[in-house]
Amino acid sequence: MTCDDVKKHLSAYLDKELSGDLEEIINGHLAQCPACMAEKARLAGTISLVQNMDLPLLKTDLSALVMASINRKEAVQSYYVFNAMLGIFAVLTAGIAALVSLSPLGQALLGLIRAFFRNIFEVTMLMVRVSARSPMGSQDWSITLALFLGFIFTFWILRKILKDSNLGGPLHE
Amino acid sequence: MEISDVELIQKCKQGSKGAFEQVVKNYQQYAFKIAYGIVGHDRDAEDIVQEAFITVYYQIKSLRRAEAFPTWLGRIITNFCLKKIQANNKKAIVPLDACEGREMSGLSSEDEYLALETKQDVHKALLKLPVEYRVTLVLRDLQGYSYKEIAEILNIPTGTVKSRIHQARTILAGLLQPPAGEGGNKR
């Protein structure tokens, strides 16, 4: 083994990381080669300098900072999870609503809702007109209320009849 | 690794924050020593240690053997150091040619003299090494890991570890122990 070959293994030799056979060969070479012995001493000196160099210690206890960061991160994560779930819920609701409104049954349902509100509006307007012309005076809101309830009842009966007769469709479509 | 540490790691794997806080207390100096050895700045090393422990908290369930925790932590710290060096763009990767000479760029002749005189400034010389050599040497000479363990931490073959350590020491020897008649007496 040449000096160059030996020098390549010197660090591992000093770290006791060589196989038994190779270590024996290096031992034999070092015993009769002053140049390689000097190189070994130089490397050993370097190892000692590195192992004994002064490194500062951590001055502050980082555990509280680390735990605070983790807690903050978890709070942010749960906020995002909540928002994401809310978003998913909104999208799903909108999707279901869109599907329902596009289906024939959904169309019928929407028509019914529309008709309901339109009728309420018309009944209210009618009541206002009737109460304004009432001989008992426009201030008597008890007549208005009675008329309103009467119309609501009529509307409900009408709906029931329509439903029972399987006519299905919305009132004003 | 003490038995109590193994128990603490097991508790951490089950999600105990109290156990994790104790693990941070027990291992922060160890982690800081690796980080400081590689990056060479207090502040950066502290940031790395904090970030590494946060990562450890979220990934500790993936650690199979609690006994392997120090090696695993060493790997995480090392990866954060490499990222930090890249992010800071600190010219950490010095071309080999530059290292082989004994010129310590960035240091005055006074500093160069001191670098050969004081223990503390051995670290300045260490920081002149190419980052991959420095990392390997820190893990070997400061932390005492075997070549096999270093290979696991850095995810490289053992032969590469052996070669890097030898190269690093040779360069460092050139920086710290110049042959007689050169360097050291520049005043």
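Reader: What is the accessible surface of chain B?
Author: This is a predicted model, in which local features need pLDDT of at least 70 and side-chain atom pairs count only at pLDDT 80 or more, while totals for chains, interfaces and linings use all residues; side-chain values use heavy atoms, and hydrogens and water are left out. Residues are numbered from 1 along each chain as its sequence is written, and chains are lettered from A and ligands numbered from 1 in the order in which they are written. Accessible areas come from the Shrake-Rupley method with a 1.4 Å probe, and for residues only the protein chains shown count as cover. Carbon and sulfur atoms hold 46% of the surface of chain B, whose total comes to about 9100 Å².

Reader: How many helices does chain B have?
Author: Helices (H or I, at least four residues) and strands (E, at least two) are DSSP runs, numbered from the N terminus. Chain B has zero strands, and its helices number ten.

Reader: What percentage of the residues in chain B is buried?
Author: A residue is buried under 20% relative accessible area, exposed over 50% and partly exposed in between (1.4 Å probe, protein chains only). Of the 187 residues in chain B, the buried share is 51%.

Reader: Over which residues of chain B does pLDDT stay under 50 while the model has 45 contacts beyond four places in sequence?
Author: pLDDT is the predictor's confidence in each residue, from 0 to 100, and its mean over chain B is 79. Where it is low, the predicted coordinates should not be read in detail. A contact means heavy atoms within 4.5 Å. One stretch with pLDDT under 50, residues 180-187 of chain B, has eight contacts beyond four places in sequence; the stretch with 45 such contacts is residues 92-116.

Reader: What distance does helix H3 of chain B reach from its first C-alpha to its last?
Author: H3(B) has 18 residues, numbered 42-59. The expected span of a helix is 1.5 Å times one less than its number of residues.

Reader: Is A:His9 buried or exposed, and why?
Author: A:His9 lies in helix H1 (residues 3-14) of chain A. Not counting residues up to four places away in sequence, A:His9 touches A:Met1, A:Leu18, A:Leu22, A:Ile26 and B:Lys162. Because its relative accessible area is 18%, A:His9 is buried.

Reader: Which helix gives the most to the nonpolar patch?
Author: Patches are made of residues with over 30% relative accessible area and no salt bridge, with like charges joined within 9 Å and nonpolar side chains (Val, Leu, Ile, Met, Phe, Trp, Tyr) within 5 Å; a salt bridge is a side-chain nitrogen of Lys or Arg within 4 Å of a carboxyl oxygen of Asp or Glu. The nonpolar patch covers about 840 Å², and A:Ile88, A:Leu109 and A:Phe117 are among its residues. H4 and H5 (104-133) of chain A each supply at least two residues. With five residues, the helix that gives the most is H5(A).

Reader: Where is B:Asn155?
Author: B:Asn155 is not a glycine, yet has a positive phi of about 60°. At 70% relative accessibility, B:Asn155 counts as exposed. Its place is in the loop between H9 (147-154) and H10 (158-176) of chain B.
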